Amino acid sequence: MDDIFLRPYQQKFIEDVRNEFRHNHKRIVGVAPCGAGKTIITGWMIRESARKGKRSIFFVHRHELIKQTSETFDRLGIEHGIISAGFNEQLDLPVQIASVQTLARRLKKVSAPDFLICDECHHILANTYKKILNAYPDAYLLGVTATPQRMGGITLCDVFTSMVNGPTIDELIKLGNLTDFSYYSAKTKIDLKNVKVKFGEYVNSDLQKVMEDKRIIGSIVDNYKKLAKGKSAICYCVNVKHSKKVADAFLNAGISAAHVDGETPKAERESLVEGFRQGKIKVLCNAELFSEGFDVPHCQAVILARPTKSLTLFVQQALRPLRPDPDDPNKMAVIIDHVQNYLRHGLPNKVHDWSLDPNKPKTHLPAPEKECPECGRVVPLGTYVCPDCGYKFVTEEDKEARLIEHLGELLKVKKRISNTNNLQSIIHAPVSPEDFMEIAKKKDYQVGWVAIQSLKFATSYEDCLHIAQVCGYKKGWAWHKWEELKGKFSVDRRYI
Ligand SMILES: [Zn+2]
């Protein structure tokens, strides 16, 4: 339909994808953050293909997304069938929207498409997806995702041969597709040292033990009152039990709140979401229900109460309140991070250096942000005055002078107490690769300098690993360095 027009970045995205197809890349991953209008972009491409008599299948892995996609396709005037439980098949239509699970079961019935589009394609290495790809080896494939990365850092290079980058979050904020946001980190820090990690993610039952601490739950309520009072907030919890506890804490503090999960009966869930939309329920607590594709309108704030190692999950949760509100052109979304997710992933608008090359070293630098010690607002490293409370940060020069002074002191102390047993206290001196990285960035030193300086303070394989991580080196480097170090590693050598 002609009432839908593409923005210039959407046109560019489509042009870039076409270009890659023309250059014999048959399987392309398109990186597009939420707010970029992924469904409009892909719908537009599918419509163009249909006009040329080509068949397309758009497949998604969640039921809720089928309805949303179908509505967008209707707006674009694309006649389509739906391959999913509960829908009548119309397999003769050239455009199909399919649920991954149903499509994988009906592959024999569905004629091969020319064009396959996979939404949320960071899941594409799962077996069900592979089945679909194997069934249609000749189809052109476009996968779209905001985070082309799998848990544990596995890249998508097994499937895709080329990558096209869409707009960044900041560009979308400037264009008004997303609202700006304030990001706060809670003062009550959590300790994850006893939380196990399985398959690249924290173990839920361990997380629950940490997060159901009364002080932490209390600070979730306090910070909401302090930073987002009266705003409609979604609170992401560890699991159902934790979510219920948090909702109760809000209710006890006189704030209208509710818990909702996948087991909540549909009618009740819809009425809770409607209550949230109308502002009758201020805080909606859940465990992952509203992360991916589940549309909750009128969200002004999010509370992150679930530590995650998944960048995908983090970004999906954190960006949830950035949808513009036509009634509030000055909307400023609020993100309250109770679990220091930003230290693991950077702020949600961070520009990532994605690559399909598994051998490309990660250029991931430590989070270039800092927290205001007064109000918790997370700001870029170079900020001198907190925009929220006016707190004056120590300048970078001051900090550097202090660090150098500290290094000098440390070396002196080391000489003085060498050959004594009282060494443990200075082994863990606060001279971290992050500190050196900060100096290096400012002075334009090479990463190698950071590694050399940091290694002087390494006393374990873990230390070497940490340095490798900060410098963007591989694990093998850490292992190699530790092999080198530990041989010569005597008290004498360490402390002279
Ligand atoms: Zn502040």
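Predicted model: local features only at pLDDT ≥ 70, side-chain atom pairs only at ≥ 80, totals over all residues.
Now widen the selection to both strands. S11 (residues 233–236) and S13 (residues 283–286) run parallel and are joined by 4 bridges.

Next, show the whole sheet. It is open, has 6 strands and pairs in parallel, in the order S8-S15-S14-S11-S13-S12. Go to the edges: S8 (180–185) and S12 (257–259) each pair on one side only. From one strand to the next, the twist averages 15 degrees.

Then pick H11 (residues 311–318). H11 lies across S11, S14 (301–304) and S15 (332–337), at about 145 degrees to S14.

Which residues touch the most other members of the largest nonpolar core? Select Cys235, Val246, Val302, Ile303, Ala305 and Ile336, out of 106 residues in that core. Domain 1 (8–167) and domain 2 (173–380) both contribute residues, so this core lies between them. Center on Ala305. Leaving aside residues up to four places away in sequence, Ala305 touches Met211, Ile220, Cys235, Tyr236, Cys237, Val246, His338 and Val339.

Jump to a second, separate core. This one has 15 residues, including Phe436, Val450, Val470 and Trp482. Phe436 leads you to H15 (residues 433–443), where Pro433, Asp435, Phe436, Met437, Glu438 and Ala440 are buried. Finish just after H15, at Asp444: its phi is positive, about 65 degrees.

Terms used
Residues numbered from 1 in each chain as written. Buried ≥ 20, exposed ≤ 12 C-beta atoms within 10 Å, placed from the backbone. Helix = DSSP H or I, 4+ residues; strand = E, 2+ residues; numbered from the N terminus. Core = buried A, V, L, I, M, F, W, Y, C linked by C-beta atoms within 7 Å. Domains from an automatic or database assignment. Contact = placed C-beta atoms within 7 Å. Pairing = 2+ DSSP bridges. Axes fitted to C-alpha atoms, helices over the stretch in contact; angles between N-to-C directions.
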